[in-house]
Amino acid sequence: MEDSDGDITDIVTSGDEDSDDADVEMPDNAARQPNPWFSVVDKETFELDVNRDFEERIGPCGFEANFSPVDYFDKFLKTEDDDLIDRIVDETNRYANQCQTTENPTRHARSNEWSPVSYAEMRAFIGLVLAMGIVKKSSIESYWEASGISETPNFRDVMSRNRFQAILRYLHCSDNTTAVPRGQPGYDPSTR
């Protein structure tokens, strides 16, 4: 092999002609091409059948034409063997119980009034959080204002501000008792 810049033509044309790789057929023009890309399809004989019957549904599958927004919401949060809202309800209630047994709240603390969150309440909570993404306000408390031009009465109709904040305080998606402690092998910060 002569002194070269090391392009592909040197690799394709170098080597022993009688080697075991002789059964690998290279296109006639492979040695002349200045780049390593060459066609693996014979353009003279290749045909693509474009007249196939293609009857595949496009777009999201499993959605009915008459789905309401709540139906779409449910579709993304439920699977055949798991309901994400059920899991959040269970873990939120578990975490609230864990916190209440380890904390020593004052006599007038809101955490003393905690009652377990229900499935319907958690759906309402998630709905309010989604609505907060549409209606932008400066603080959580401002969504429950009762007067003024910036009043949003629907929030008060769904749940009280104190209940919303209590659920938000204990909102949890995983069981802390099964999580690997920080600093230990297998620790995953996303499970905390």
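Here is a short tour of this predicted model, stop by stop.

**Before you click.** Residues count from 1 along each chain as its sequence is written, and side-chain values use heavy atoms, with hydrogens and water left out. Because the model is predicted, local features need pLDDT of at least 70 and side-chain atom pairs count only at pLDDT 80 or more, while totals for chains, interfaces and linings use all residues.

**Colour by confidence.** pLDDT is the predictor's confidence in each residue, from 0 to 100. The protein chain averages 78, and 76% of the residues score at least 70. Now select residues 1-19: pLDDT stays under 50 there.

**Select helices 3 and 4.** Pick residues 84-102 for helix 3 and 119-134 for helix 4. (Helices are DSSP runs of H or I, at least four residues, numbered from the N terminus.) Their axes, which are lines fitted to C-alpha atoms over the stretch in contact, come within 9 Å and cross at roughly 105°. With angles running from 0 to 180 degrees between N-to-C directions, that makes helix 3 roughly perpendicular to helix 4 (the label covers 65 to 115 degrees).

Show side chains next: I85, D86, I88, V89 and T92 in helix 3 meet Y119, M122, R123 and I126 in helix 4. Contact means heavy atoms within 4.5 Å.

**Zoom in on T92.** Is T92 buried or exposed? T92 is buried, with a relative accessible area of 0%. (Buried means under 20% and exposed over 50%, using a 1.4 Å probe and protein chains only.) Leaving aside residues up to four places away in sequence, T92 touches W114, V117, M122, I167, Y170, L171 and H172.

**Move to helix 6.** Select residues 161-170, where R163, F164, Q165, I167 and Y170 are buried. Helix 3 and helix 4 are among what covers them.

**Finish with the rings.** Select F125, Y143, W144, F155 and F164, which form one aromatic cluster. Rings of Phe, Tyr and Trp (its six-membered ring) pair if their centres lie within 6.5 Å. Look at Y143 and F155: the centres are 4.9 Å apart and the planes at 40°, so this pair is tilted (stacked is under 30 degrees, edge-to-face over 60, tilted the rest). Y143 sits in the loop between helix 4 and helix 5, and F155 in helix 5, twelve residues apart. Both Y143 and F155 are buried.

Conventions
Helices (H or I, at least four residues) and strands (E, at least two) are DSSP runs, numbered from the N terminus. Angles under 35 degrees count as roughly parallel, over 145 as roughly antiparallel, 65 to 115 as roughly perpendicular and the rest as oblique.
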